[in-house]
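I opened a new notebook page for this protein. My plan is to look things up one at a time and write down what I find.

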Amino acid sequence: MQRSSFTESLADLKSRGVRLTPQRQMILRYLKETHEHPTAEQIFHQVSLEFSGISMATVYNTLHRLKELGVIRELSYGDMSSRYDGNDSEHAHLVCETCGKVVDVPCPPKATLESPELDAYGYAVGSYRLEFYGICPKCQAEEIAKGNPELN
Ligand SMILES: [Zn+2]
Ligand SMILES: [Zn+2]
């Protein structure tokens, strides 16, 4: 499945009888257009630029609702803030353990992840979440620079 655009998602919601206020549309648009996997705070900051009166509560309520409607995903990472993902296609993530950056990468085909061992649990598996953890190139470069001050 291809990543659906803001316009497609909005049309989909409309056909399901869901109406979004301009503020909520703005949040959806931002998430559909960014590749950054922002936190709620980052979304709040971004949307505030256009709607100075928007509250953090509205942002949280909207994110909750959009998640319920299945047009965005919430990615939670233990003690880090949740990230929000407007990419509704099946994909995996590369996560930087230093700066928290999250990047979309293609998923291996579902068939390669299925196994008789998994079937033995008897679950009707609908989806899965695949994430690779490591250090992004920028953080690696910073580590090297820190370790070798003469390189600066
Ligand atoms: Zn990083
Ligand atoms: Zn993603």
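**Entry 1: a parallel pair.** I started with two strands, β3 and β5, which pair in the parallel sense over 4 bridges. Strands here are DSSP runs of E of at least two residues, helices are runs of H or I of at least four, and both are numbered from the N terminus. Two strands count as paired if DSSP finds at least two bridges between them. I looked up the partners next. Leu94 has Phe132 of β5 as its bridge partner. His93 stands opposite Glu131, also in β5.

**Entry 2: ground rules.** I noted that this is a predicted model, where local features need pLDDT of at least 70, side-chain atom pairs count only at pLDDT 80 or more, and totals for chains, interfaces and linings use all residues. Residues are numbered from 1 along each chain as its sequence is written, while chains are lettered from A and ligands numbered from 1 in the order in which they are written.

**Entry 3: the rest of the sheet.** I then followed β3 to its other partner. β3 and β4 pair in the antiparallel sense over 4 bridges. Val95 stands opposite Val102 in β4. The hairpin of β3 and β4 has 5 residues between the strands, and Gly100 takes a positive phi near 85°. Put together, this is an open sheet of 3 strands in the order β4-β3-β5, with mixed pairing. Its edge strands are β4 (102-105) and β5, each pairing on one side only. The twist averages 20° from one strand to the next.

**Entry 4: the annotated cysteines.** Which residues does UniProt list for "binding site"? The unreviewed entry gives Cys96, Cys99, Cys136 and Cys139. They are spread over 44 residues of sequence, yet they cluster in space, with a largest C-alpha distance of 8.2 Å. I kept a caution beside this: UniProt positions follow the numbering used here, feature names are shortened, and annotations may be inferred rather than shown by experiment.

I checked Cys96 in detail. Cys96 is found in strand β3 (residues 92-96). The cut-offs are 20 or more other C-beta atoms within 10 Å for buried, 12 or fewer for exposed, and partly exposed in between, with C-beta atoms placed from the backbone. Leaving aside neighbours within four places in sequence, Cys96 is in contact with Lys101, Gly134, Ile135, Cys136 and Cys139. Contact means that the C-beta atoms, placed from the backbone, lie within 7 Å.

Cys136 came next. Cys136 sits in the loop between β5 (131-134) and α7 (137-147). Cys136 has 18 C-beta neighbours inside 10 Å, so it counts as partly exposed. Not counting residues up to four places away in sequence, Cys136 touches Cys96, Cys99 and Lys101.

**Entry 5: a helix pair.** I moved to α3 (residues 40-48) and α4 (residues 56-68), whose axes come within 10 Å and cross at roughly 115°. Axes are lines fitted to C-alpha atoms, for helices over the stretch in contact, and angles run from 0 to 180 degrees between N-to-C directions. Which residues meet here? Ala40, Ile43, Phe44 and Val47 in α3 meet Met56, Val59, Tyr60 and Leu63 in α4. The contact divides into 8 nonpolar residues, no polar and no charged. Ala, Val, Leu, Ile, Met, Phe, Trp, Tyr, Cys and Pro count as nonpolar, Asp, Glu, Lys and Arg as charged, and the others, Gly among them, as polar.

**Entry 6: a second hairpin.** Strands β1 (residues 73-77) and β2 (residues 80-85) pair in the antiparallel sense over 4 bridges. Arg73 has Asp85 in β2 as its bridge partner. The two strands form a hairpin with 2 residues between them, and Gly78 in the turn has a positive phi of about 45°.

**Entry 7: an exposed glycine.** Gly126 is in the loop between α6 (116-119) and β5. Gly126 is exposed, because 5 other C-beta atoms lie within 10 Å.

**Entry 8: the whole chain.** I finished with the overall tally. The protein has 7 helices and 5 strands. Its C-alpha trace spans about 60 × 50 × 25 Å along the principal axes. Buried residues make up 16% of the 152 residues.

Methods:
Contact = placed C-beta atoms within 7 Å.
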